[in-house]
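Q: Hi! Could you walk me through this structure in plain words?

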Amino acid sequence: MGNYADNQQSDVSTEISRPKLKRPPMYKVIILNDDYTPMDFVVMVLERFFGMSREKATRIMLQVHTRGAGVCGIFTREIAETKVAQVENYSQQHNHPLKCTMEAA
Ligand code: TYC
């Protein structure tokens, strides 16, 4: 069971607290290509919600445009869910069909 410190000074034995720490499961947030969302808008989304520089955002956008999908980042589940919702809400508000999903990393 637990681990016990060997305490030779007193007759009190102290249980060492060693909770099992597991890294949380991580999720890729993936942005999908479509035929209608303007390239500039995708670049802006990547800058705004994923903290990318203009250069990196442009590179990822072009990769999505040519290959169909691309990874925006890897996050814990709740952060990934929030990013997906933010991108989709923002895109809807601007009447663009831009879609974003997440999958286990
Ligand atoms: N294919 C779009 C266009 O030609 C640009 C685009 C890039 C759209 C990336 C979505 O995730 C995307 N305007």
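This is a predicted model: local features need pLDDT of at least 70, side-chain atom pairs count only at pLDDT 80 or more; totals for chains, interfaces and linings use all residues.

Q: Great. How many helices and strands does the chain have?
A: The chain has three helices and five strands. Helices (H or I, at least four residues) and strands (E, at least two) are DSSP runs, numbered from the N terminus.

Q: And in what order do the elements run?
A: Starting at the N terminus, the order is β-β-β-α-α-β-α-β.

Q: What share of the residues is buried?
A: Of the 105 residues in the chain, 29% are buried. Buried means under 20% relative accessible area, exposed means over 50%, and partly exposed is in between (1.4 Å probe, protein chains only).

Q: Let's do the helices. How do H1 and H2 cross?
A: Their axes come within 9 Å and cross at roughly 125 degrees. Axes are lines fitted to C-alpha atoms, for helices over the stretch in contact, and angles run from 0 to 180 degrees between N-to-C directions. H1 and H2 are therefore oblique to each other. For reference, angles under 35 degrees count as roughly parallel, over 145 as roughly antiparallel, 65 to 115 as roughly perpendicular, and the rest as oblique.

Q: Which residues make that contact?
A: From H1 there are Met39, Val42, Val43, Leu46 and Glu47, and from H2 there are Arg54, Ala57, Thr58, Ile60, Met61 and His65. By class, the contact of H1 with H2 has seven nonpolar, two polar and two charged residues. Ala, Val, Leu, Ile, Met, Phe, Trp, Tyr, Cys and Pro count as nonpolar, Asp, Glu, Lys and Arg as charged, and the others, Gly among them, as polar.

Q: And how do H1 and H3 cross?
A: The axes of H1 (residues 39–50) and H3 (residues 77–93) come within 11 Å, crossing at roughly 140 degrees. That makes H1 oblique to H3.

Q: Which residues of H1 and H3 meet?
A: Phe41, Met44, Val45, Arg48, Phe49 and Phe50 in H1 meet Lys83, Gln86, Val87, Tyr90 and Ser91 in H3. The contact of H1 with H3 divides into seven nonpolar, two polar and two charged residues.

Q: New topic: which residues touch the most other members of the largest nonpolar core?
A: Val29, Leu46 and Phe50 do, in a core of 23 residues. A nonpolar core is a set of buried Ala, Val, Leu, Ile, Met, Phe, Trp, Tyr and Cys residues joined through side-chain atoms within 4.5 Å.

Q: Which elements supply this core?
A: Strand S3 (26–32), H1, helix H2 (54–67), strand S4 (69–76) and H3 each supply at least two residues. H1 gives the most to this core, with seven residues.

Q: Can we zoom in on Leu46? What is it in contact with?
A: Leaving aside neighbours within four places in sequence, Leu46 is in contact with Ile31, Gly51, Met52, Ala57, Ile60, Met61 and Cys72.

Q: Is Ile31 buried or exposed?
A: Ile31 counts as buried, at 1% relative accessibility. The place of Ile31 is in strand S3. Ile31 and Leu46 are 15 residues apart in sequence, and their C-alpha atoms are 9.4 Å apart in space.

Q: What about Tyr27?
A: Tyr27 is also in strand S3, and is buried, with a relative accessible area of 14%. Tyr27 and Met102 are 75 residues apart in sequence and 6.1 Å apart in space, C-alpha to C-alpha.

Q: Last one: where is Asn95 found?
A: Asn95 sits in the loop between H3 and strand S5 (99–104). At 70% relative accessibility, Asn95 counts as exposed. Asn95 has a positive phi of about 55 degrees although it is not a glycine.

How values were computed:
Residues are numbered from 1 along each chain as its sequence is written. Side-chain values use heavy atoms; hydrogens and water are left out. Contact means heavy atoms within 4.5 Å.
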